[in-house]
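Trainee: Could you show me how to read a structure like this one, feature by feature?
Mentor: Gladly; let us look at it together.

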Amino acid sequence: SEGVTVAELADALDVAANDIIKRLFLLGTPLTMTQSMSNDLVELVADDLGRKIRIISPEEENSFSFYDDPSDLKPRPPVVTVMGHVDHGKTSLLDAIRHTGVARHEAGGITQHIGASQVEIGGRQITFVDTPGHEAFTAMRARGAKITDVVVLVVAADDGVMPQTIEAINHSKAAGVPIVVAVNKCDKPDANPDRVRQELVEYGVIPEEWGGQNMFVNVSAKKGDGIDDLLETILLQADVLELKANPDTFASGYIIEGKLDRGRGPVATVLVNRGTLHVGDAIVAGMSHGRVRAMLDQHGDNKAEATPSDAVEILGLDSVPNAGDEFRVFEDERDARALAEQRALKARIEEQNKVKHVTLETLFDEM
Ligand code: GDP
Ligand code: MG
């Protein structure tokens, strides 16, 4: 059987094996040291010993979810993605938001592109992730990457609902992510923010003031109007979600962006989902591994640690990971390397199989 043996459990709980054997006997299931126990029995015995245990299945481990005791969870900032139709002002809005943050907190500071940025409003943080497009968002989601708590849907008030607006709504709904609507370009003479509201009703995005679930904010990215209001609305939406994570464990999360920098080598922007990432940590990201040599924020300032919902650029990986790859910190660098190598090997085998398959098909096609 594949279960945990009595001896293994004793070892894991750091108790005498005899103590476990005694309890098993009292539970009516006499077992010896080398016999394995069902998961239920393991939990029962552990409970009996005043210990909480949860068995994680291989599937669960592969799906990259971790168990946290609810009492270890602490509030974390929201992670936001801006979506919308081309030219409706996504880039301008992010710029306006960044400008607000920079102007207020680091006068004169220059933000650089790291694929994500953090702003602070009223002492609270919001992390904005730049997704290169809707396709990337979908691809990341398909791989199980949880990179967004809230979607800000940008709709130009002079243009209304367009095909990519609808696409963004569908992606957000499929991912179960709430939508905050930023009705942009309200400075334009032909802007009609109410029409945008009416049009969106048809797609199930209904303003709160009309009895729906969605918060709307009129903005002008160009003039900077309504930006504070939008940030406060995002925080309101985040409050509803009661976002939490365990900061006191090994860090894990996702790669937002990876690139090869001529001077600095492989550079990756990571979003921390859980735990705290430190300089010096042994890390695996997809098929890359290494030790975190340096961590930088969007202003290029060094950071010693990154907590849940923080996005930072890291140096020290041996190769460039892909956007959407998970990352994970290990206690021992050897474990990190082993996992990265195992993944690389698996990818090579899959690649080889694919090549063979194509060759075979091509062969048949030619016959
Ligand atoms: P994106 O394709 O969604 O990233 O849109 P951009 O941010 O590149 O904006 C597209 C165009 O709309 C640019 O020419 C912007 O200057 C303009 N634009 C964006 N926001 C506003 C706004 O609030 N008011 C006005 N009048 N123009 C805007
Ligand atoms: Mg753009």
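**Reading the backbone, a helix and a ligand site**

Mentor: We can begin with the backbone: just after helix 3, Gly-50 takes a positive phi of about 75°. Helices here are DSSP runs of H or I with at least four residues, strands are runs of E with at least two, and both are numbered from the N terminus. This is a predicted model, in which local features need pLDDT of at least 70 and side-chain atom pairs count only at pLDDT 80 or more, while totals for chains, interfaces and linings use all residues. Residues are numbered from 1 along each chain as its sequence is written, chains are lettered from A and ligands numbered from 1 in the order in which they are written, and side-chain values use heavy atoms, leaving out hydrogens and water.

Trainee: Where does Glu-242 lie?

Mentor: Glu-242 is found in the loop between helix 9 (227–241) and strand 10 (244–245), and although it is not a glycine, it has a positive phi of about 45°.

Trainee: How do I read the buried residues of helix 3?

Mentor: In helix 3 (residues 39–48), the buried residues are Leu-41, Val-42, Val-45 and Ala-46. They lie on the same side of helix 3 because they cover an arc of only 130° around the axis, the arc being that of the directions from the helix axis to the C-beta atoms. These buried residues pack against strand 1 (4–5), helix 1 (6–13), helix 2 (17–26) and strand 2 (36–37), where contact means heavy atoms within 4.5 Å.

Trainee: Which polar contacts does ligand 1 have?

Mentor: A polar contact is a pair of N or O atoms within 3.5 Å; within protein, one must be able to donate a hydrogen and the other to accept it, and residues adjacent in sequence count only if both atoms are side-chain atoms. Here a polar side-chain atom of Ser-92 lies 2.6 Å from an oxygen atom of ligand 1, one of Asp-187 lies 2.7 Å from a nitrogen atom of the ligand, and a polar backbone atom of Lys-222 is 3.2 Å from an oxygen atom of ligand 1.

Methods. Buried means under 20% relative accessible area, exposed over 50%, partly exposed in between (1.4 Å probe, protein chains only).
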